[in-house]
Structure formats: structure tokens, C-alpha cells
Amino acid sequence: MKLGDGAATATVGVRDRDAARKFYEGTLGLTLSKSDDPETLVFNTGGSTLLVYRSQYAGTNEATAVTWLVGDAVDEVVRALKAKGVTFEHYDMPETKREGDIHIAGGRRVAWFKDPDGNIHSIVNG
């Protein structure tokens, strides 16, 4: 088997497992598929999984940790998450304009937000 034949899982470190569960399950609306390990949570999302695990290094990555490909629903998803209290990040980038919380560069529409530990997530029209 080659590595490219295996499935990949997004992995995010968090400090507080209970707060993470509330955010990922409640705020983001992900389906919890496994929580029997006191250190991890596994969520179903689309055709993949998101592994959330307790880590002392949670939130130290200054780059995007998880990207959500939502097609033409970027504006809809941003509105829905804002209604649940999610705050979106704004970045100044060359050749990129911003419409509210959505950054536009070429045909790409993207919005970034952080989880309670500061892990950066993006919503992209992909």
C-alpha cells in the first residue's frame, strides 16, 4: 500500500476537551462519532473525520489547521456561524479584497475563524 492510497484525517489539538466538544458539536454542528477516549473526540464531517485531541500545544499553529470546502455556500455558512457567535478573522493579503468577513482573490472566496483554543479554520468555496 502507498501512503496516497490511505485516508487522511484532519487533527486539531485542544486544551479543554469539554469546551472543544461544545464548540465542534454545538457551534459548528459536527456529528460526534467517537468519544470513549478521555483524550480525544472524533467528529464526522462530510466524507472525512476530524480528530480533536488534548494537547499542551493547542492553538500554537499560526497557519490554517482545517479547511472546510463548502462550494457555493460560503456566504450561507458564514452567516450561520456568525449567528452562533463565531467571530471571523480579517487578514490583509496582496491582491485580495474583502466583502464583510469573506476574502476574495480571483475566484476563491474564503473566510477564517478560530476555535476556542485559537486553531485557525477556513471556509472555502473550493
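Modeller: Buried means under 20% relative accessible area, exposed means over 50%, and partly exposed is in between. The model here is predicted.

Biologist: Why is Asp75 called partly exposed?

Modeller: Its relative accessible area is 30%.

Biologist: What makes the contact of Asp75 and Arg109 a salt bridge?

Modeller: The cut-off is 4 Å from a side-chain nitrogen of Lys or Arg to a carboxyl oxygen of Asp or Glu. The side chains of Asp75 and Arg109 meet at 2.8 Å, N to O. That is within 4 Å, so the pair is a salt bridge. Asp75 sits in helix α2 and Arg109 in strand β9, 34 residues apart, and the pair links distant parts of the chain.

Biologist: Why is the contact of Glu89 and Lys114 called a salt bridge?

Modeller: Their side chains meet at 4.0 Å, N to O. The rule asks for within 4 Å, so the pair counts.

Biologist: Are Glu89 and Lys114 buried, exposed or in between?

Modeller: Glu89 has a relative accessible area of 22%. Buried would need under 20%, so Glu89 is partly exposed. Lys114 has 36% and counts as partly exposed too.

Biologist: What links Asp75, Lys97, Glu99 and Arg109?

Modeller: A network of salt bridges. One of its pairs is Glu99 with Lys97, at 3.8 Å, N to O. That is within 4 Å, so the pair qualifies. Glu99 has 41% relative accessibility and is therefore partly exposed.

Biologist: How many salt bridges does the rule give?

Modeller: The count comes to eight.

Biologist: Which residues of helix α2 are buried?

Modeller: Val74, Val78 and Leu81, in a helix that spans residues 74-83.

Biologist: How do you know where these residues lie around the axis of α2?

Modeller: They cover an arc of only 70° around the axis, which puts them on the same side of α2. On the other side, Glu76, Arg79 and Ala83 are exposed.

Biologist: What covers the buried residues of α2?

Modeller: The cover includes helix α1 (17-27) and the strands β6 (88-89), β8 (102-105), β9 (108-114) and β10 (120-124).

Biologist: Which residue with a positive phi follows α2?

Modeller: Gly85, with phi near 95°.

Technical notes. Residues numbered from 1 in each chain as written. Predicted model: local features only at pLDDT ≥ 70, side-chain atom pairs only at ≥ 80, totals over all residues. Heavy atoms only, no water. Buried < 20%, exposed > 50% of the residue type's maximum accessible area, 1.4 Å probe, protein only. Helix = DSSP H or I, 4+ residues; strand = E, 2+ residues; numbered from the N terminus. Arc of directions from axis to C-beta. Contact = heavy atoms within 4.5 Å.
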